[in-house]
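Biologist: Hi! Could you walk me through this structure in plain words?
Modeller: Happy to, let's have a look together.

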Amino acid sequence: MDEKALEQLRDWARNPGSAAILTDIDGTLAPIVPTPDAAEVSGELQRLLRRLSGTYRVVAGISGRAALDAFRLVRLKEIVYYGNHGFEVLRDGEVEVVPEAAPYKEKVEELEQRARDELEPLGAFVEEKGITVSVHYRNVSLEIGERCKRLVEREGERLGLRVTIGRGVAEARPPIKADKGTAVRKIVEEYEPTKALFIGDDTTDLDAFRELERLREEGVLRETLRIGVKSDEGPPEIVSEADVAVDGVEGVEEVLRMLTDDS
Ligand SMILES: [Mg+2]
């Protein structure tokens, strides 16, 4: 790590009350494992995060998982969780949908019910994710897969939802912009830190990096730090757009330890 970044971390550790620590979870706090259900955050990282949450303005995990699922993985009540593409937040044990998305909750549920009634009997799997819904059709015939796609597209359009078709999955969500960048902005607006850092390892984390930069350019934040976690599968931008690059979850642990002012 270069001297400037080290000095910055030491300085934040001395004045933690005005700084926000924002982090991705999978691949950043928990090593990537073949099945997402088996991912785990180490006891040492939990201990560090708990300590940081006691002194910093806010510590938040921002994840593609549902907020409750993110909490199950980190298992700390002291931190805030933004989940599901930034559509929902878990704070003090309660999941809230961000206000702009809330009017679409019933519409998502209506599509979900329709998919359960019509597509589950055909073998598709309907995954309820709260404010979004996914229909998985990898394990059914091409013909039934087409029917799944058509139903989600047709109903999504009727209900005013945004539909995305992925590999073997059709997803419907509210038609508003929500990503890790919008989550970063919401946290900064709510907790009003003057400094914020974000740690991440993957493509969706670049939205958070870029939003931090915008907040600094706007003068909302005085100092920012983008910390990229190097891995074989991660995009090259996670290193090239970072101020500091670290190696894997162990590298993240080292950064968090420096932020505790133990060193
Ligand atoms: Mg990740």
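Modeller: One term before we start: buried means under 20% relative accessible area, exposed means over 50%, and partly exposed is in between, with a 1.4 Å probe and protein chains only. Also, this is a predicted model, where local features need pLDDT of at least 70, side-chain atom pairs count only at pLDDT 80 or more, and totals for chains, interfaces and linings use all residues. Residues are numbered from 1 along each chain as its sequence is written, and side-chain values use heavy atoms, with hydrogens and water left out.

Biologist: Thanks! Which protein donors does the magnesium ion have?
Modeller: They are Asp-24 (OD), Asp-26 (O) and Asp-201 (OD), lying 2.1 to 2.2 Å from the ion. Donors here are N, O and S atoms within 2.8 Å of the metal (3.2 Å for Na, K and Ca), and since water is not among the atoms, sites may look incomplete.

Biologist: What spacing do the donors follow along the chain?
Modeller: The spacing is D-x1-D-x174-D. Asp-24 lies in the loop between β1 (19–23) and α2 (43–55), and Asp-201 in the loop between β10 and α7, so the pair ties together parts that are 177 residues apart in sequence. Those helix and strand names come from DSSP runs, numbered from the N terminus: helices are H or I with at least four residues, strands are E with at least two.

Biologist: Is Asp-24 buried or exposed?
Modeller: Asp-24 counts as buried because its relative accessibility is 5%. Asp-201 counts as buried too, at 7%.

Biologist: Let's move to α7. How far apart are its end C-alpha atoms?
Modeller: They are 19 Å apart. Helix α7 has 13 residues (205–217) and should span 18 Å at 1.5 Å a residue, so the two values agree. The expected span is 1.5 Å times one less than the number of residues.

Biologist: Which residues of α7 are buried?
Modeller: Asp-205, Leu-206, Ala-208, Phe-209, Glu-211, Leu-212, Glu-213 and Leu-215.

Biologist: And what do the buried residues of α7 pack against?
Modeller: Their partners are α6 (180–191), β10 (195–200), β11 (223–230) and α8 (237–240). Contact means heavy atoms within 4.5 Å. After α7 comes Gly-219, which has a positive phi near 85°.

Biologist: New topic! At what angle do α1 and α9 pack?
Modeller: Helix α1 (residues 3–14) and helix α9 (residues 248–259) pack at about 50°, and their axes are 8 Å apart. That makes α1 oblique to α9. The axes are lines fitted to C-alpha atoms, for helices over the stretch in contact, and angles run from 0 to 180 degrees between N-to-C directions. Under 35 degrees counts as roughly parallel, over 145 as roughly antiparallel, 65 to 115 as roughly perpendicular and the rest as oblique.

Biologist: Which residues meet there?
Modeller: From α1 there are Leu-6, Leu-9, Trp-12 and Ala-13, and they meet Val-255, Met-258 and Leu-259 in α9. The residues of this contact divide into seven nonpolar, no polar and no charged. In that sorting, Ala, Val, Leu, Ile, Met, Phe, Trp, Tyr, Cys and Pro count as nonpolar, Asp, Glu, Lys and Arg as charged, and the others, Gly among them, as polar.

Biologist: What does Val-58 touch?
Modeller: Not counting residues up to four places away in sequence, Val-58 touches Ala-19, Ala-20, Ile-21, Val-80, Ile-187 and Tyr-191. Val-58 is in strand β2 (residues 58–62) and counts as buried at 5% relative accessibility.

Biologist: How far is Val-58 from Glu-192?
Modeller: They are 9.4 Å apart in space, C-alpha to C-alpha, and 134 residues apart in sequence. Glu-192 sits in the loop between α6 and β10 and counts as exposed at 58% relative accessibility. Its phi is near 50°, a positive value in a residue other than glycine.

Biologist: Where is Asp-92?
Modeller: Asp-92 lies in the loop between β4 (88–91) and β5 (94–97). The phi of Asp-92 is positive as well, near 50°, and Asp-92 counts as exposed at 72% relative accessibility.
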